[in-house]
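Please look over the sequence and the structure below, and then read the report that follows, which moves from single residues to the chain as a whole.

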Amino acid sequence: MQLGSRLRALRIAADVTREAAGYSIRASESKISRMELGRVGFKERDVTDLLTLYGVAAPDQAELLALAREANRPGWWQAYSDVLPAWFLNYLDLEQAAELIRSYEIQFVPGLLQTEAYARAVITIGHGRSTKREVDRRVELRMARQSMLTRPGGPRLWAVLDEAVLLRPMGNRTIHREQLEALLKLIEAPTVRLQVVPFSTGGHAAAGGAFSILRFALEEVPDVVFLEQLTGGLYLDRPEDVDEYAAAAGRLFIDATTPARTADAIHRALRDF
């Protein structure tokens, strides 16, 4: 996405149409559009030809060519492609590159905050026909993803949970209690901000369901909204769609408990377990 955005800026500055850019690399106008949106891989030769067309001198091409090589390098999570669908691997690419992840959950604790036992219970619900090895692999990946919250330069997580998440046991009551106790520790982490929307709030801005908004460090890379569905994932990056979800997230942050009172909500749930 970063490379595509920079190529687009260079094309516009050079007053080159997408059609002309596509012709220069023996491709279609739609291929250039997909490249600029970061939705396809990059051939180094194509990037070189485009940079030359846009008037970028050879000595100045090194940075973008290095970015192209980085964009094509598979992330460590690609090793789990045997148990994960391509649409979710795409999400992991975005997650690892994000600066800030804002999410709203109505049923489960966010995967980045789950204990191993809780994660296993949730994964088993969604993949009841999977073998034990497949479940183990998915759990292993979920635990590995969490390391990015403590990685230098890693993303920050700002999550809002519906109160039902705290009160609906996953696996058994012991597993759920351990998860709630883990949340009490996690809310002290500098990269985690957690809030709860209490039942007393009634209807609220995100009644449509769970979502995540991923923000990236570079201004030219737009925010992306991710909606996980039963058999796939939906990615929204049109400004009008992102703005709607960002506004809903903003209202949720107001309706929810303040981060300072989140521990009180978790303690109340713990009393039920």
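## The surroundings of D223

Leaving aside neighbours within four places in sequence, D223 is in contact (heavy atoms within 4.5 Å) with R102, I213, L214, R215, F216, L236, D237 and V242. D223 lies in the loop between β4 (211–215) and β5 (224–228), where strands (E, at least two residues) and helices (H or I, at least four residues) are DSSP runs numbered from the N terminus. Because its relative accessibility is 15%, D223 counts as buried; buried means under 20% relative accessible area, exposed over 50%, and partly exposed in between, with a 1.4 Å probe and protein chains only. The side chain of D223 also makes a polar contact with the side chain of R215, at 3.0 Å. A polar contact is a pair of N or O atoms within 3.5 Å; within protein, one must be able to donate a hydrogen and the other to accept it, and residues adjacent in sequence count only if both atoms are side-chain atoms.

This is a predicted model, in which local features need pLDDT of at least 70 and side-chain atom pairs count only at pLDDT 80 or more, while totals for chains, interfaces and linings use all residues. Residues are numbered from 1 along each chain as its sequence is written, and side-chain values use heavy atoms, with hydrogens and water left out.

## A buried charge without a partner

D162 lies in strand β2 (residues 156–162). D162 is buried yet has no salt bridge, and the nearest side chain of opposite charge, that of R168, is 6.8 Å away; here Lys and Arg count as positive and Asp and Glu as negative, whereas His and the chain ends are not counted. The side chain of D162 does, however, reach the backbone nitrogen of A164 at 2.9 Å.

## Salt bridges

A salt bridge is a side-chain nitrogen of Lys or Arg within 4 Å of a carboxyl oxygen of Asp or Glu, and by this rule the count comes to 20. In helix α8 (residues 132–145), D136 and K132 lie four residues apart, about one turn of the helix, and they form a salt bridge whose closest N and O atoms are 2.9 Å apart. D136 counts as partly exposed because its relative accessibility is 24%, whereas K132, at 63%, counts as exposed.

The side chains of R137 and E140 also meet in a salt bridge, at 4.0 Å from N to O. Since R137 and E140 are three residues apart in helix α8, about one helical turn separates them. R137 is buried, with a relative accessible area of 17%, while E140 is partly exposed at 43%. These two residues belong to a network of salt bridges that links D82, R133, R137 and E140.

## The nonpolar cores

The largest nonpolar core has 45 residues, and those with the most contacts inside it are L166 and L183. A nonpolar core is a set of buried Ala, Val, Leu, Ile, Met, Phe, Trp, Tyr and Cys residues joined through side-chain atoms within 4.5 Å. The largest share of this core, six residues, comes from α6. A second, separate core of 17 residues includes V16, F42, L51 and V56.

## The chain as a whole

The secondary structure of the protein chain comes to 12 helices and six strands. Of its 273 residues, 45% are buried.
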